[in-house]
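I opened the notebook to go through the charged pairs, the nonpolar cores and the backbone of this structure. These entries follow the order in which I looked things up.

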Amino acid sequence: MNSKIMKVKYLLLSLMVGAMALTSASAQETTAPENQMPAYKTAFAPSAGHWFIEAQVGTTAQFLEQNNKVEFGKRISESMPKNLMPALSIGKWHNPYFATRLQLMSGLTPAFGFDQKPIDITTIGGHFDFMFDLVNYFAPYSATRVFHVIPFVGLGYQFKSHEFYKFEKPYRHSATVNGGLQLAFSLGKRVDLVLEGQAIYHNINFLCRDVKFDKEFDPFFKGSEDPNNIFFGLMGMATAGLRFNLGATDWEVVTPMDYDMINGLNDEINKLRAENAELSKRPVSCPECPEVEAPKEVEVVNVLTPRAILFGFDKAVIAKNQEYKLTEIADFVKETNTPVVVIGHADTTGKADYNQALSERRAKAVADALVNEYGVSSDMVTVEWEGSTDQYGANKAWNRVVVVRSK
């Protein structure tokens, strides 16, 4: 008898360890009020979504000797609007504060000759950027944050051409290094306004060194003692536009497992294993113990111990890691012909009437899955919901649950 009791205790503790591991892994938050840690100290569930597309337009400026001699107002007035530079980007956020993107651009870059008349240089290029959201990094994660400061650096390639300047190899194209700052303002869940400034360094020389030129004829180089000093491979670019967020827009904050508690339960299991081993060495019969007559008829009662299906914050969709519980429940009902009751719950976040409706949606989602996906007869399932009136513990994630038990 003692050996059987020890085995039962050992089994119950094993189930508790497994349940706590699953509960801890599934306890997730998505709003800042329950997560006050900075984002860089927070664990986020991996996600395949969070792609974005940016459409921007702006202007560029090549830092040439002759450009710097032209008044700034004149440089702007005589180069606009034909020298607008459109830019298209596609990227992905790998977590709330780190993203990568590919940005492509094509347009006219204004330059000015010795006579201070604009000369249009065609610029085509692209670069791969690494973006870092400072606000999301140092502040607690919030899905509703409006303002973001995002510095970035990147590597790319660029081509330049003009009908007069042929830019003979290797000077007509070059690898580039770029860096800049983006300011983003949320206009909604799917759209952001972005303002961006960046500097791009290249090795494209406006002097064709392999071809002789006439200083008196060439408007770039006329009056310059050393034509090579005309070149300076730094280009500035300022743009504005919209970012469209595709796929998932929120991040799930994962509550890490309580390893101290799990290790403590494992230690208790190891103690029970040792005690069980000692009990197994005792003789099967016990002469000093009185014989106990077994009852003639034993009534078998089929009971389903409560099963908890956990849900994410403000979610009524059954997560993939909870579906195995539905299989256990469905097998029990079909094998024992025992009806079950499905009870929905919610945590205390938000208003009571909203939580009541949320717990109803969760309970009905589980009941529908048992009937439509796992083949349980509908007359074997009773659905109830209690909103946030019945709380299981201090951790709110434990109360975002549907409990299923035998009726």
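I began with Arg-243, which forms a salt bridge with Asp-192, the closest N and O atoms being 3.4 Å apart; I took a salt bridge to be a side-chain nitrogen of Lys or Arg within 4 Å of a carboxyl oxygen of Asp or Glu. The pair links distant parts of the chain, with Arg-243 in strand 10 (residues 234-246) and Asp-192 in strand 9 (residues 191-201), 51 residues apart; strands (E, at least two residues) and helices (H or I, at least four) are DSSP runs numbered from the N terminus. Arg-243 counts as buried at 2% relative accessibility, and Asp-192 counts as buried at 10%, where buried means under 20% relative accessible area, exposed over 50% and partly exposed in between (1.4 Å probe, protein chains only).

I noted that this is a predicted model, in which local features need pLDDT of at least 70 and side-chain atom pairs count only at pLDDT 80 or more, while totals for chains, interfaces and linings use all residues. Residues are numbered from 1 along each chain as its sequence is written, and side-chain values use heavy atoms, with hydrogens and water left out.

Next I looked up Arg-101, which forms a salt bridge with Asp-129 at 2.9 Å between the closest N and O atoms. Arg-101 is in strand 5 and Asp-129 in strand 6 (residues 118-132), 28 residues apart; Arg-101 is buried at 0% relative accessibility, and Asp-129 is likewise buried at 0%.

I then turned to Arg-400 and Asp-347, whose side chains meet in a salt bridge (2.5 Å, N to O), and both residues are buried. Salt bridges that share partners join Glu-54, Arg-101, Asp-129, Asp-192, Glu-196 and Arg-243 into one network, and the count by this rule comes to ten salt bridges.

For the nonpolar cores, I used sets of buried Ala, Val, Leu, Ile, Met, Phe, Trp, Tyr and Cys residues joined through side-chain atoms within 4.5 Å. The largest has 22 residues, and those with the most contacts inside it include Ile-309, Val-342 and Val-404. Helix 6 (323-336), strand 13 (340-344), helix 7 (352-372) and strand 15 (401-406) each give two or more residues to this core. A second, separate core of 14 residues includes Ala-39, Phe-44, Trp-93 and Trp-251.

Last, I checked the backbone at Asn-337, where phi is near 55 degrees, a positive value in a residue other than glycine. Asn-337 lies in the loop between helix 6 and strand 13 and is exposed, with a relative accessible area of 60%.
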